[in-house]
Amino acid sequence: MVVAQQQKSGAFQVLVGKIDDVLQYAIGDPMRYLANWGRLYSLWPVHLETACCSVEIGAAAGSRFDMERFGALEAFGSLRQCDLLIVMGTVTRKLAPRLKLVYDQMAEPKWVIAMGACSITGGLYFDSYNVLRGIDDVIPVDVYVPGCPPRAEAFLQGLVLLQEKIRRAPSLSGR
Amino acid sequence: MTLETEYMPDADRIMSVSLGPQHPGAGHFRIKLWLDGDYVVRAEPDAGYVHRGEEKMGEYRNYTQNVPHLERPVILDSSNILLPYALGVDELMSNKIPARAQYLRVIMSETNRIISHMYFLAIQGLFLGHTTLITWCMGDRDFWIDFAERIAGARVTFAYIIPGGVRNDIPSFAIDKGLKLCDWFDKRMDEYEKIFFQNPMVHQRSDGIGVLSREDAIAYGATGTVARASGLAVDVRKDEPYSSYDDFEFKTPVMTQGDVYARSYVALLDMREAVKIIRQALKRLPPGPVRLKLGPQPRVPAGEVYSRTEGARGEMSYYIVSDGSPRPYRLKIGVPSAKNLRVLPVLLKNVHIADIPPIYWGLNYWPVEADR
Amino acid sequence: MSNVQAPTSPPPSKPTSVAPQVATTPQAPPAKLEPVRAKAFAAQITSAFPDVKVDWMKERRLKVSTTPARIEEVGIFVRGTLGFDHISTVSGVDWIARNELEVVYFLGSSTPGQEDFIVALSEHVARDNPVVPTMVDVWKGVEYHERETHEMFGINFQGHPNQSHLFLPEDWNDLPPLRKDYVSPGR
């Protein structure tokens, strides 16, 4: 008797599970896709220049490379509206706490592009007394764009890579 | 005298605000402001967010290895910071630079001056609320970058000017391209003048703002566009003609108003002179070798040298102390932004908050360069 | 220690010999090798201050050195009488072998005819207790340069309005980085 009841509830649970799966595929997945698709083409980078790579960001945002056609344009508004942090080069010991502060103020979901050799490993400044060897121990990084400085095209490729990552994000939260 | 107690009588009126380091008006740089309502009572720059210890790194590297990292701080103007370094090392080693290399140094240095001023004008357009100038300058700047890329092979960090000459010769097609670019850019600058500099809106937003008198410019050691906008005809190219600059005909543009408008306009006039120089140099490029063979680790005799050139923002200088070893004993980089930094608290007094970004950027201040 | 060793014989005590002008200006006639103007300026300074030592002279450069006690007078003379009215750069040098720190003021002029000339005014101070007078009253522009030299070399400029950190982080708790006995991490 007990066994039969267990079998029955087990079957019920399986049924519920199946419905859940079906719902997941029928509603959840399109919702996730839709939400992430919406995020994909409205990336708003924070205007936080950390070092010389910001020149190439300037070029990428300029009229020749035109970052806006990929759906990203530097936001000059509040940090709360931004969802992309581009670390433009070297992060020094003085800037690192400010970088963390900026990152913490941004609302989820948020992504980080580490641009340039300095923000990946310290680059040319590996033996400088004031430079962090990579920003991984300060904030998590989604896309690395190598170069010293990366060309504007390389940065745009990094941006497209990040969009691909957002498109394939497994959850509704975008992470 | 601490900052807190200085304004104690008005402590309830005066508010202190940080502008930056994350702020559209001040990237990688912070200005501590003391405000009385909308007026700035006092301002103090807080630099060092990009201090990377270039001078210490210079003591760990030999004279050739120093070339790439020295140009990173002044990435907008990367040839102009290598030129005084190369001149200084050449002077210590008594190198006789071939004439063609000297001309190529001039071409690259002036191209970089235009690239730097275009970036300056673009951001000045942004701060003065003139969106057309941003897109135009950023777009046209890339043609000059293309020209420099044809010569040196990189977009911004050229490492082209090295001790003993330049790294490689100019390809012949780049000469034609450069001459065409000069002709086109002359016409283009007339359009800039019409759309930006003769624009009544720009006049209203920048005339008489952040005025620096000639006396203050001298006293605080202002240099470059800031000094020339205040009526001080400083130009190292004219004063001590290095690298064959006395072969070319050009003028030193000087304005007397000393305000934000003059500082922007001097940049445009500078570019006109730079185009003139590039055209003359490309047309009269002498034949010959472009570099001396110095070897990977040049031996520099002991001695001291203070070399300086005119960069886009002003006087670039190096103080190199050599003790005869392969590495410099002391490498002091004197950059114009660090020299003009002292002017900022002088200008940011009794001005509106809205005028801070144009005044700040009008100094042609590049924090990465100042911090080194 | 680092692989940068202190020099055994530091250069600035060179005799006042003529340094040949390098071919930065190929059109310059060879007669220019004689630093006429540098000699004239040096003569003016040494006649007013006999204890001032001339380190080296070039066509457009002159370096003189004095003591911290005298530098303010010499500075006022160089600014007022010679007309070197603005600061170009201030640099420090750490002569660890001689246990000395050096501060060099590079002074430019806006007087017509001598804009191309740079006078370097230097002072030597013991490394153990580096206290020198500030030159802010002589040239206003030296304020931030001296602040930088203070944090990079640990030289105390007496009378300076604000010697807080300019470029280094606020929590810097180590030797001044440009001293020769400070070794960069990673080296």
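This is a predicted model: local features need pLDDT of at least 70, side-chain atom pairs count only at pLDDT 80 or more; totals for chains, interfaces and linings use all residues.
Residues are numbered from 1 along each chain as its sequence is written, and chains are lettered from A and ligands numbered from 1 in the order in which they are written. Local features need pLDDT of at least 70 and side-chain atom pairs count only at pLDDT 80 or more, while totals for chains, interfaces and linings use all residues.

The model scores ipTM 0.86 and pTM 0.84. Chain C has an average pLDDT of 78, with 82% of its residues at 70 or above; pLDDT is the predictor's confidence in each residue, from 0 to 100. Over residues 1–32 of chain C the pLDDT stays under 50, and the model has 58 contacts beyond four places in sequence for this stretch. A contact here means that the C-beta atoms of two residues, placed from the backbone, lie within 7 Å.

Chain B contains 16 helices and eight strands, taken as DSSP runs (helices H or I, at least four residues; strands E, at least two) and numbered from the N terminus. The radius of gyration of chain B is 21 Å, close to the 21 Å that the globule rule gives for 372 residues, so chain B is as compact as a globular protein of that length. The radius is taken over C-alpha atoms, and the rule is 2.2 Å times the number of residues to the power 0.38. Of the 372 residues in chain B, 61% are buried. Buried means that 20 or more other C-beta atoms lie within 10 Å of the residue's own, exposed that 12 or fewer do, and partly exposed in between, with C-beta atoms placed from the backbone. Among contacts in chain B between residues at least 6 apart in sequence, 71% join residues at least 24 apart.

One open sheet of chain B has three strands in the order 1-2-3, paired antiparallel; strands count as paired if DSSP finds at least two bridges between them. Strand 1 (15–19) and strand 3 (39–46) of chain B are at the edges with a single partner strand each, so one side of each has no neighbour in the sheet. The twist averages 25° from one strand to the next, with angles running from 0 to 180 degrees between N-to-C directions and axes being lines fitted to C-alpha atoms, for helices over the stretch in contact. Strand 2 (residues 30–36) of chain B is joined to strand 3 by seven bridges, and B:L33 stands opposite B:A43.

Another open sheet of chain B has three strands in the order 6-7-8, also with antiparallel pairing. Strand 6 (303–310) and strand 8 (328–334) of chain B are its edge strands, and the twist averages 10° from one strand to the next. Strand 6 and strand 7 of chain B pair over eight bridges, with B:T309 opposite B:M316. Four residues lie between these strands in their hairpin, where B:G314 takes a positive phi near 150°. Six bridges join strand 7 (residues 315–322) to strand 8 of chain B, with B:V321 opposite B:R330. That hairpin has five residues between the strands, and B:G324 takes a positive phi near 90°.

Eight of the eight residues of strand 7 of chain B are buried, so this strand is largely enclosed by the rest of the structure. Helix 4 (residues 78–93) of chain B lies across strand 6 and strand 7, running at about 145° to strand 6.
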